[in-house]
Amino acid sequence: GKAILFSRVTCPNCRVAENLLAIVSCPRDAFYLPYTVKMLASWRIPELQKILLHYLKPNAISLDDVGLEANDDTYFPPYPYICRELKFTAIYGLMYYPSKETIDALSIYLCDSDADIRSAANRAYKKVSAHKVTFK
(Lines give C-alpha, C1' and ligand atoms only; values in the text may rest on other atoms or scores of the structure.)
Protein backbone atom coordinates (compact mmCIF):
# COMPACT_ATOMS: atom_id res chain seq x y z
CA GLY A 1 0.00 0.00 0.00
CA LYS A 2 0.90 3.64 -0.21
CA ALA A 3 2.42 5.42 2.74
CA ILE A 4 0.35 8.32 4.03
CA LEU A 5 2.20 11.59 3.71
CA PHE A 6 1.45 14.12 6.41
CA SER A 7 0.84 16.78 3.79
CA ARG A 8 -2.11 14.69 2.60
CA VAL A 9 -3.62 14.13 6.05
CA THR A 10 -6.18 16.89 6.23
CA CYS A 11 -8.95 15.57 8.47
CA PRO A 12 -8.66 17.32 11.84
CA ASN A 13 -11.54 15.29 13.29
CA CYS A 14 -10.27 11.87 12.34
CA ARG A 15 -8.74 9.18 14.50
CA VAL A 16 -5.31 10.02 13.07
CA ALA A 17 -5.50 13.44 14.74
CA GLU A 18 -6.47 11.86 18.08
CA ASN A 19 -3.59 9.41 17.90
CA LEU A 20 -1.07 12.08 16.93
CA LEU A 21 -2.33 14.37 19.69
CA ALA A 22 -1.79 11.59 22.22
CA ILE A 23 1.77 11.17 20.96
CA VAL A 24 2.76 14.86 21.04
CA SER A 25 1.30 15.32 24.51
CA CYS A 26 4.57 13.76 25.70
CA PRO A 27 7.34 16.42 25.62
CA ARG A 28 9.95 13.89 24.50
CA ASP A 29 7.84 12.85 21.52
CA ALA A 30 6.92 16.45 20.69
CA PHE A 31 10.64 17.28 20.62
CA TYR A 32 11.32 14.51 18.11
CA LEU A 33 8.20 15.26 16.03
CA PRO A 34 8.08 19.07 15.62
CA TYR A 35 6.51 18.89 12.14
CA THR A 36 3.71 16.73 13.49
CA VAL A 37 3.06 19.33 16.20
CA LYS A 38 3.03 22.08 13.57
CA MET A 39 0.61 20.12 11.38
CA LEU A 40 -1.75 19.52 14.31
CA ALA A 41 -1.54 23.21 15.23
CA SER A 42 -2.54 24.16 11.70
CA TRP A 43 -5.72 22.14 12.28
CA ARG A 44 -6.42 24.34 15.34
CA ILE A 45 -7.20 21.43 17.64
CA PRO A 46 -8.19 23.06 20.97
CA GLU A 47 -6.49 20.40 23.12
CA LEU A 48 -3.17 21.13 21.44
CA GLN A 49 -3.26 24.79 22.50
CA LYS A 50 -3.22 23.71 26.15
CA ILE A 51 -0.26 21.42 25.49
CA LEU A 52 1.67 24.16 23.66
CA LEU A 53 0.98 26.68 26.42
CA HIS A 54 2.34 24.16 28.92
CA TYR A 55 5.51 23.63 26.85
CA LEU A 56 6.04 27.38 26.77
CA LYS A 57 5.88 27.85 30.55
CA PRO A 58 9.32 28.43 32.10
CA ASN A 59 10.61 25.31 33.83
CA ALA A 60 7.46 23.31 32.98
CA ILE A 61 9.39 20.46 31.38
CA SER A 62 11.33 18.22 33.74
CA LEU A 63 14.17 15.80 33.02
CA ASP A 64 11.72 12.97 33.60
CA ASP A 65 9.29 14.45 31.04
CA VAL A 66 11.90 14.07 28.32
CA GLY A 67 13.10 10.66 29.49
CA LEU A 68 16.36 11.72 31.12
CA GLU A 69 17.57 10.80 34.58
CA ALA A 70 18.64 13.41 37.11
CA ASN A 71 22.32 12.50 37.40
CA ASP A 72 25.66 13.77 36.16
CA ASP A 73 25.55 11.84 32.90
CA THR A 74 25.96 13.71 29.64
CA TYR A 75 23.02 13.29 27.30
CA PHE A 76 22.63 14.01 23.64
CA PRO A 77 20.74 16.05 22.89
CA PRO A 78 21.25 17.89 26.17
CA TYR A 79 18.25 18.79 28.33
CA PRO A 80 18.55 22.60 27.80
CA TYR A 81 18.57 22.06 24.04
CA ILE A 82 15.40 19.94 24.21
CA CYS A 83 13.64 22.61 26.29
CA ARG A 84 14.73 25.35 23.90
CA GLU A 85 13.50 23.45 20.85
CA LEU A 86 10.18 22.73 22.54
CA LYS A 87 9.79 26.48 23.07
CA PHE A 88 10.30 27.08 19.35
CA THR A 89 7.78 24.37 18.50
CA ALA A 90 5.26 25.82 20.96
CA ILE A 91 5.77 29.39 19.73
CA TYR A 92 5.29 28.32 16.12
CA GLY A 93 2.21 26.26 16.94
CA LEU A 94 0.58 28.98 19.01
CA MET A 95 0.45 31.23 15.93
CA TYR A 96 -2.66 29.25 14.99
CA TYR A 97 -4.43 30.03 18.27
CA PRO A 98 -5.26 33.74 18.53
CA SER A 99 -6.41 34.35 22.10
CA LYS A 100 -5.56 36.47 25.09
CA GLU A 101 -3.99 33.43 26.73
CA THR A 102 -1.68 32.96 23.73
CA ILE A 103 -0.75 36.65 23.66
CA ASP A 104 0.04 36.59 27.37
CA ALA A 105 2.20 33.47 26.99
CA LEU A 106 4.11 34.91 24.03
CA SER A 107 4.60 38.27 25.80
CA ILE A 108 6.88 36.60 28.33
CA TYR A 109 9.39 35.82 25.56
CA LEU A 110 9.40 39.19 23.80
CA CYS A 111 12.31 40.26 26.02
CA ASP A 112 13.99 36.86 26.35
CA SER A 113 17.77 36.80 26.64
CA ASP A 114 17.94 34.30 23.75
CA ALA A 115 17.76 36.40 20.57
CA ASP A 116 16.35 33.53 18.50
CA ILE A 117 13.51 32.85 20.93
CA ARG A 118 12.86 36.58 21.21
CA SER A 119 12.65 36.85 17.41
CA ALA A 120 10.33 33.84 17.09
CA ALA A 121 8.08 35.13 19.88
CA ASN A 122 7.98 38.56 18.26
CA ARG A 123 6.88 37.11 14.89
CA ALA A 124 4.24 34.93 16.54
CA TYR A 125 3.03 37.80 18.72
CA LYS A 126 2.56 40.02 15.67
CA LYS A 127 0.72 37.32 13.77
CA VAL A 128 -1.62 36.47 16.66
CA SER A 129 -2.21 40.14 17.47
CA ALA A 130 -3.15 40.85 13.85
CA HIS A 131 -6.22 38.62 14.00
CA LYS A 132 -9.49 40.50 14.25
CA VAL A 133 -10.63 38.60 17.30
CA THR A 134 -12.19 40.02 20.43
CA PHE A 135 -10.03 38.78 23.25
CA LYS A 136 -11.79 38.06 26.53
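1. Is R28 buried, partly exposed or exposed in this structure? R28 counts as partly exposed, because its relative accessibility is 36%, and the cut-offs place anything under 20% as buried and anything over 50% as exposed. This reading, like every other one in this note, comes from a predicted model. D29 is itself partly exposed, with a relative accessible area of 24%.

2. The salt bridges deserve a careful look, and the count for the model comes to 5. R84 takes part in a salt bridge with D114, where the closest N and O atoms are 2.5 Å apart. Because R84 lies in helix α5 (residues 79-94) while D114 sits in the loop between α6 (100-107) and α7 (115-130), this pair ties together parts that are 30 residues apart in sequence. R84 is partly exposed, its relative accessible area being 24%.

3. R84 also forms a salt bridge with D116, and here the closest N and O atoms are 2.9 Å apart. This pair likewise links distant parts of the chain, given that R84 belongs to helix α5 and D116 to helix α7, 32 residues away. With a relative accessibility of 47%, D116 counts as partly exposed. Through shared partners, the salt bridges join R84, E85, D114 and D116 into one network.

4. On the cysteines, the count of disulfides comes to 0. C83 counts as buried, with a relative accessibility of 17%, whereas C111 is exposed, with a relative accessible area of 72%.

5. Helix α4 (residues 46-56) has as its buried residues L48, Q49, I51, L52, L53, Y55 and L56. The elements that cover these buried residues include α1 (15-24), α2 (27-32), α3 (34-42), α5 and α6. As a general point for reading such a list, an α-helix has 3.6 residues a turn, so residues three or four places apart point the same way.

6. The largest nonpolar core holds 40 residues, and those touching the most other members are L40, I45, L48, L52, L56, I91 and Y97. Each of α1, α2, α3, α4, α5, α6 and α7 supplies at least two residues of this core, and the largest share, 7 residues, comes from α5.

7. A last point concerns Y81, which is placed in helix α5. Y81 is partly exposed, with a relative accessible area of 40%. The C-alpha atoms of Y81 and F31 are separated by 9.9 Å, although the two residues stand 50 residues apart along the chain.

Terms used:
Residues are numbered from 1 along each chain as its sequence is written. This is a predicted model: local features need pLDDT of at least 70, side-chain atom pairs count only at pLDDT 80 or more; totals for chains, interfaces and linings use all residues. Side-chain values use heavy atoms; hydrogens and water are left out. A disulfide is a pair of cysteine sulfur atoms within 2.5 Å. Buried means under 20% relative accessible area, exposed over 50%, partly exposed in between (1.4 Å probe, protein chains only). A salt bridge is a side-chain nitrogen of Lys or Arg within 4 Å of a carboxyl oxygen of Asp or Glu. Helices (H or I, at least four residues) and strands (E, at least two) are DSSP runs, numbered from the N terminus. Contact means heavy atoms within 4.5 Å. A nonpolar core is a set of buried Ala, Val, Leu, Ile, Met, Phe, Trp, Tyr and Cys residues joined through side-chain atoms within 4.5 Å.
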